[in-house]
Amino acid sequence: MATTTAAITITSTDIMDSPLSISNTSTLTTAGTNTGLVETTGLARKKFASSSNIILLDHGLTSGIAADVTADKSAKVYIRNINDRGDGTKYVNILLAAVEIGRLYGGDWMFFPWSGGSGKDVEFTASDTTETTLEYMVFYE
Amino acid sequence: MATTTAAITLTSSDLLTNALALSASMTLYQNGTTATGLDEVNYHRANIPTGTNFDLIQDSAALSEDASYVYIINKNTDVTDYVIISINSEVIGRLYAGDWAFFPWDNDLTDTEAATDPSGNDSTIEIQAVTHECVIEYALFHNGETLLTAADS
């Protein structure tokens with residue numbers, strides 16, 4: 001088994017009267033155990049210049065990770081929009097199936113658990129056709 | 001405006017042949033701005049009993065088409081305890097004990113949930129505890145929300 005950790009730190013000195021400091025580290029394990037996840041897609045990078053809806057992680061891909069990412073297994077997804085922020089109006093919508101999760105503006109990242117299943121692809125739609133680069137990585141059982 | 005940063009570090013010495021050391025940091029800005037930080041936050045701790053899917057963060061007209069960010073952590077310690085995180089009935093994934101998530105949230109609403117319209121839910125973040133009651137902490141960083149008018153106002 002492998003030991004992989006994900007640490008987050010959220011800080012602000014002025015969003016509240018007292019400083020905000022959130023810090024936590026989790027070890028990525030298989031569902032309901034202390035056993036570390038041992039598979040990963042590795043870090044990948046994708047460039048695109050389209051405002052169409054595009055599949056980033058295809059759950060239905062026969063030779064892909066479909067069998068390993070299911071509702072009752074553990075999987076974590078990291079995605080980052082590595083573009084510059086620019087004027088702050090360009091973003092990439094991240095969706096799970098047809099449901100929009102949220103917008104990644106330039107420089108933004110997200111880390112979330114992924115419950116796979118039929119049709120539960122991770123998709124994205126850019127706000128325009130500006131060339132955008134995403135980096136992403138999946139950890140799974 | 002406020003300055004809030006969120007940083008992630010992913011590390012492993014034995015998942016791959018070479019060590020994994022990935023880190024990223026971002027500042028939480030308002031939509032359509034280059035350097036104006038989000039200046040509102042809701043930070044909660046809650047016990048989630050089993051058996052019911054609850055609304056955790058309700059959609060709000062003021063959150064629509066804006067930049068908001070959500071942080072959720074399951075503070076339980078029993079590795080079999082988990083919560084299911086959903087958006088509008090679409091299951092995103094499970095947070096087992098100790099797991100956390102951080103993601104942008106776009107309140108993509110066409111029908112705003114309200115006390116008088118609880119079915120108007122198209123972006124609400126939902127949570128359900130499985131196995132045992134789960135203690136969670138969660139934060140919403142945002143740029144304003146629409147508060148419901150008090151029923152006795």
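Here are some notes on the two-chain model, point by point.

1. Ground rules first. This is a predicted model, where local features need pLDDT of at least 70, side-chain atom pairs count only at pLDDT 80 or more, and totals for chains, interfaces and linings use all residues. Residues are numbered from 1 along each chain as its sequence is written, with chains lettered from A and ligands numbered from 1 in the order in which they are written.

2. The core. The largest nonpolar core has 70 residues, and B:Val70 and B:Ile72 have the most contacts inside it. Such a core is a set of buried Ala, Val, Leu, Ile, Met, Phe, Trp, Tyr and Cys residues joined through C-beta atoms within 7 Å. Buried here is 20 or more other C-beta atoms within 10 Å of a residue's own, exposed is 12 or fewer, and partly exposed is in between, with C-beta atoms placed from the backbone.

3. Around B:Val70. Leaving out residues up to four places away in sequence, B:Val70 touches B:Ile57, B:Phe103, B:Trp105, B:Ile125, B:Tyr138 and B:Leu140. A contact is a pair of C-beta atoms, placed from the backbone, within 7 Å.

4. The interface. Chain B and chain A each put 50 residues into the contact. On the chain B side, E1(B) gives the most, with nine residues. By type, that side divides into 29 nonpolar, 14 polar and seven charged residues; Ala, Val, Leu, Ile, Met, Phe, Trp, Tyr, Cys and Pro count as nonpolar, Asp, Glu, Lys and Arg as charged, and the others, Gly among them, as polar.

5. Pairing across the chains. Strand E1 (residues 4–12) of chain A runs antiparallel to E1(B), over nine bridges. Within E1(B), B:Ala6 is the bridge partner of A:Ile10. Strands (E, at least two residues) and helices (H or I, at least four) are DSSP runs numbered from the N terminus, and two strands pair if DSSP finds at least two bridges between them.

6. A sheet in chain A. Four strands make an open sheet with antiparallel pairing, in the order E5-E10-E7-E8. Strand E5 (53–57) and strand E8 (99–105) are the edges, each pairing on one side only. Strand E7 (residues 91–96) and E8(A) share six bridges in the antiparallel sense, and A:Leu96 stands opposite A:Val99 in E8(A).

7. A:Lys46. This residue lies in strand E4 (residues 44–48) of chain A. A:Lys46 counts as partly exposed because 13 other C-beta atoms lie within 10 Å. Not counting residues up to four places away in sequence, A:Lys46 touches A:Leu56 and A:Leu134. A:Tyr136 is 90 residues from A:Lys46 in sequence, yet 8.3 Å away in space, C-alpha to C-alpha.

Notes:
Contact = placed C-beta atoms within 7 Å.
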